[in-house]
Amino acid sequence: MMKKLTIIITCIVLAGGLCSCADKYDDSALWDEIEKINSRIDAINDDISALQLLVGAVQTGKQVVEVVDTGEGYKIIFSDGSSIVLTHGQSGADAPIVGVKEEGGVYYWTITTDGKTDFITDSNGDPLPVTGADGATPVIAVDAENYWTIDGKRIPDGNDGWVKASGEDGDSFLQDIEETPTEVIITLADGEVIKLQKFIGVTFAFDRTMLVLGYGQSANVAVTQSGVQYTSISKPDGWRVKLYDDYMLVTAPARPNAYAEQSGTVSVVAVGATTTVVASVEVSADSNLSGGGAGESEWHQW
């Protein structure tokens, strides 16, 4: 805020000097330029904060539930209910591009000017981490002479000068966002790629909770499933169970015997990429209804 105020005061002084030469000086264009620059400063710093949250989401393993195109950017919603907004940006072609770069599992802040990308460094000259105990959020501003600064220091333009600010519109933050069945791939303006895993839910359910068969009889139990990578089946001794895409075949023991259970529970543990679901059916054999195996677990790879 103080930096903005300094810019405004400087411009007012300039405008006052011009007014001494003309009775009617129209300073509307000057104030419009000030407002554009201030808006761009806010937008860039909002993008920096969003980028820091994005890196934190990657490092803590957050998974994406949905990506919503807002028209001005993208809202990324995570499985824990939190979200971040990545805007297309209004930082302009002349503005510095703040980004991140991963090295050795750690993300560091970078800055790109005139096509050259360098690490943002701390007071000791070391790359500045994005998150963690040593992490910090760089602050973009414009000084009294209208040059871009980062954490109070002017940004070199690569030609022994400094980067001048203007109100020109442009996009210097987000380059592209792409969704695959398993990932959200975010490409920043400097080419750095950040990948987030998608939350892939699992559904697995039977169309009934109870099944009564005669000894030796078989029946199909309808199955609804999606997102299942593999399953584990448990069943009573003497019963046979086979699982298919849309049904489960259950067969009762051939006859009453000491090694077969008359009743019990058939349970299926369905495992997906991120979640696990358990579904069960109570089964029993009835000798009054006309018409063996061991109680092992059967594994099916999908």
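Trainee: Is methionine 210 buried or exposed?
Mentor: Methionine 210 counts as exposed because its relative accessibility is 58%. Buried means under 20% relative accessible area, exposed over 50%, and partly exposed in between, with a 1.4 Å probe and protein chains only. This is a predicted model, where local features need pLDDT of at least 70, side-chain atom pairs count only at pLDDT 80 or more, and totals for chains, interfaces and linings use all residues. Residues are numbered from 1 along each chain as its sequence is written, and side-chain values use heavy atoms, leaving out hydrogens and water.

Trainee: Okay, and where does methionine 210 sit?
Mentor: In strand 14, residues 210–213. Strands (E, at least two residues) and helices (H or I, at least four) are DSSP runs, numbered from the N terminus. The protein has 21 strands and two helices.

Trainee: What about tyrosine 74, buried or exposed?
Mentor: Tyrosine 74 counts as buried, because its relative accessibility is 19%. You'll find tyrosine 74 in strand 2, residues 73–78.

Trainee: New topic: how many residues of strand 5 are buried?
Mentor: Seven of its eight, so strand 5 (residues 106–113) is mostly covered by the buried cut-off.

Trainee: Which way do strand 4 and strand 5 pair?
Mentor: They're antiparallel, with seven bridges between strand 4 (residues 97–103) and strand 5. Two strands pair if DSSP finds at least two bridges between them. Glutamate 103 stands opposite valine 106.

Trainee: And which residue takes a positive phi in that hairpin?
Mentor: Glycine 104, near 60 degrees, in a hairpin with two residues between the strands.
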